[in-house]
Amino acid sequence: MKLDLKNLCSQNQIFPRGIIHVGAYEGKDIKTYQALNISKILFIEANPTVFERLKTNIAEVSIDVQAVNYAISNQNGKVKLYVNSMGKSSSILPLKFYRNIYPNIKETHQLTVESKTLDTLLPELELTPGDFNILNLDIQGAELLALQGATNLLTYIDAVYTKVNYEELYEGCALAEKIDEFLAENGFGKIAEATPFHPSWGDAFYVRKQVISMSTLGKNGGLGNQIFQYGFLKIYAQENGLSVETPKWIGQELFGHQDQEISEDLPEVLENDNEFILGNTEILKNVDIHGEFLYHTRYYAPFKEYFCSLFQPALEIEEKVKVAWEKLHSRGKTIIGLHLQSHSDEKSNFAVAPSEWYKIWLDGLWETLEEPVLFIASDNIEELPLVYFAEYHPLTAQDLEIEVNREYLNFFLLSKCDFVAISNTPFAFAACLLNEAGKYFFRPHFSTAKLIPFEPWNSTPVFRDVDISEIGNSVSLEVKFQENQADLENIQSQKDELSQKLVSTQSQLQQNREELENIQSQRDQILEELGKSQSQLQQNQEKAENAEAQLQQIHTELENTKSQRDEFSAKLVSAQSQLQQNQEKAENSEAQLQQIHTELENIQSQRDQILEELEQSHSQLQQNQEKAKNSEAQLQQIQTELENTKSQRDEFSAKLTSAQSQLQQNQEKAQNTEAQLQQIQTELENTKSQRDEFSAKLTSAQSQLQQNQEKNQNAEAKLQQTQTELENTKSQRDEFSAKLTSAQSQLQQNQEKAKNAEAKLQQTQTELDKNCSELHDAREELEITQFQLDEVQAELEQSQSNYFKYQEELNTSKSQLQETQTELEKTKLKLENQEKIPPNQNTKNYAAHLKNLAKIIAETIPD
């Protein structure tokens, strides 16, 4: 064999279990097969004379080997065997151009022999085809005929080693191209060939075509899932020397992929956890793999460049999506991309994060960016509550008005954004993998109910096993505090409105006073009749003044409340910062959150009580309104009395009527002022209640902070004690370390000696194998040379008298060879017991003896 069968099998993950050798000649390859640990061998030889020598050579072999005397072809029956002067060149085809290359090789005679196909022979011999996985053909131009009669056997074969012809050395022989074509049709590909003696013929090695397919591609999830599936398929194939077959899928249109279509149904293999992770020793081939392959991206990271190259847009698609990107980027300098999921997406198998989380994230980021532009992508953009983001004036793919696949347009734009906040989907995550310009990437984190930063090439693509029912309740203290701040701002705005109304009321009251003073100067004559009216007016003025004073006091209290609120806000911010720093140490955070939920329920019950008090206030207000109505009735009586005296004060009746009208307006304004005052007092009480709540929470936070500080102090004390103990044991550790270092040094020296001894032994074995190979090649060249010596046959016959002399020398050489082998065995024993190996003199002597022996054989053995 001119090709290294052992290395070829090892490189292609072929594990020989049985071999069929057609054209075995004298069975000299038996040693090669034994070195491969082949458990079953079938030798087939057509020449009856050679077959007898073959049986003799394998008679004492310990493994399961069988030899049969048949010619092998594509049909059963009798065929002619053309026997040539060089026995190994005999064939069932006559010589043609072979005679031009080797003119001394001639046909000597013909034999009629029995021919069988391999598919017929194996059942007749009661042999199971599955026991053999390597086929070796050496039948001088008839190799294609043998293959045509072995189509069933080939389904069990993993590798074919065969002679091939590049010229028609035998009449009608198939050339190498035909062999390639036939074996390709049967699932084999050529991976090695050699022409060591002449370019017109040589050896070739074929292995079963190694392919991996994914028939579910395009059906198992959306574009993001398909990107992970195709990326894994291509990387796995590239790393293990496999070809890829796929069905039609969207990637052929978007990325221009042109993989071979699935040619046959292969055995299905399902993904099982990390079964397919790259680097596993077992290589799967000729199978159809199914799965999602959403592995942690650290497994894909070594192939980042190749992965990204797989998903670059085709030229026609690229031109359109680049126009869309230019339109988007023209709106500003910093592009923020959001990918949102709809809660109504029934196809999604992953938890959906609320839109509020993205809004909170944007609120903290937006003002820090230069000319930011918000882009929102989603599969169901119409179902999303975009009102959350209205203040940022978001853009969507529809706004860019580009006629291209909408799903891929969203994907491409996300892969270009400067800041990206994604949903919990493979689609959005895959876009981040291809985003080389992005500065920061964020994703939902359901246990903390917020967005967190992540590295696309060192993360899990999606979060699974999330309790979706708990997501709505997982609101952080920071969010609650911001909601309370918004409520306080609303209260402040309402307070400002009330202050403006009070200022307006005071102005109107001042005007009323001036008008009343003018009226008093004109109605001196009716002071007695208007005494009750003036008394009531004076009481109203006093109430208005009291209301003004109360409003001033309320204004002062509100300002104090605002300052206290600011102080509490600052303290809360500080407390939150400290709590955030101690989150890792606060192991009971969930219990504290539960306590906060309980406090919120208590607050709700307090609010219910406040509502009841408000209802009582409303009832009191209604009573005041009834009193006001009674006052109006009394005023009506006064007006009646004034009308009875109308005859006496005709000159003043018009003025009195005007004064009464103004008085009634003042009373109504006073009543309105009282109602507003009552409302302000109620709101003030609510503000005080909220202030007390914040104060209680601050006290609780300070208490927790103090407890954490005490725990830290205790931990520091324990750490100090541990450090003291550690310092006490350092001396012991140093002693053990010194001893260990010494022992490791000695062990390393011993290992190096053992490695050197093993390397030298391996080198000796390699040289020995090389010498054996050279001897084997020399023997084959010698056989060819023998037949070129026909012209000096007469001289050899004259040398017949020297035969016995040479025979004695041959016996002497054999004895020398035996001694050399004995010395070699002794040398091997010494190598096993000694740390250093002496020079390889014995091996060189052995090679010299073998060359001398070959020379003697060439000179003495006749044809």
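1. Start with Cys9. Its relative accessibility is 2%. Buried means under 20% relative accessible area, so Cys9 counts as buried. Keep in mind that this is a predicted model.

2. Cys308 is buried too, with a relative accessible area of 5%. What about disulfides? A disulfide is a covalent bond between the sulfur atoms of two cysteines. The structure holds zero disulfides.

3. Now the overall picture. The protein has 863 residues, and 41% of them count as buried. Its secondary structure comprises 23 helices and 20 strands. The accessible surface comes to about 49,200 Å². Carbon and sulfur atoms make up 45% of that surface.

4. Look at the contacts next.

5. How many aromatic pairs does the structure hold? There are 27. One of them joins Tyr98 and Tyr170, with ring centres 5.5 Å apart. Their planes meet at 50°, so the pair is tilted. A pair of aromatic rings is described by the distance of the centres and the angle of the planes.

6. Where do these two tyrosines lie? Tyr98 is in helix 4, residues 98-101. Tyr170 is in the loop between strand 8 (159-165) and helix 8 (176-185). The pair therefore ties together parts that are 72 residues apart in sequence. Both Tyr98 and Tyr170 are buried.

7. Finally, check Arg443. Its charged end sits over the ring of Phe454, 5.1 Å from the ring's centre. Arg443 also lies over the face of Phe463, at 4.3 Å from that ring centre.

How values were computed:
Residues numbered from 1 in each chain as written. Predicted model: local features only at pLDDT ≥ 70, side-chain atom pairs only at ≥ 80, totals over all residues. Heavy atoms only, no water. Disulfide = S-S within 2.5 Å. Buried < 20%, exposed > 50% of the residue type's maximum accessible area, 1.4 Å probe, protein only. Phe/Tyr/Trp six-rings, centres within 6.5 Å; stacked < 30°, edge-to-face > 60°. Helix = DSSP H or I, 4+ residues; strand = E, 2+ residues; numbered from the N terminus. Lys NZ or Arg CZ within 6 Å of the ring centre and 35° of its normal. Areas by Shrake-Rupley, 256 points an atom, 1.4 Å probe, with all protein chains shown as cover.
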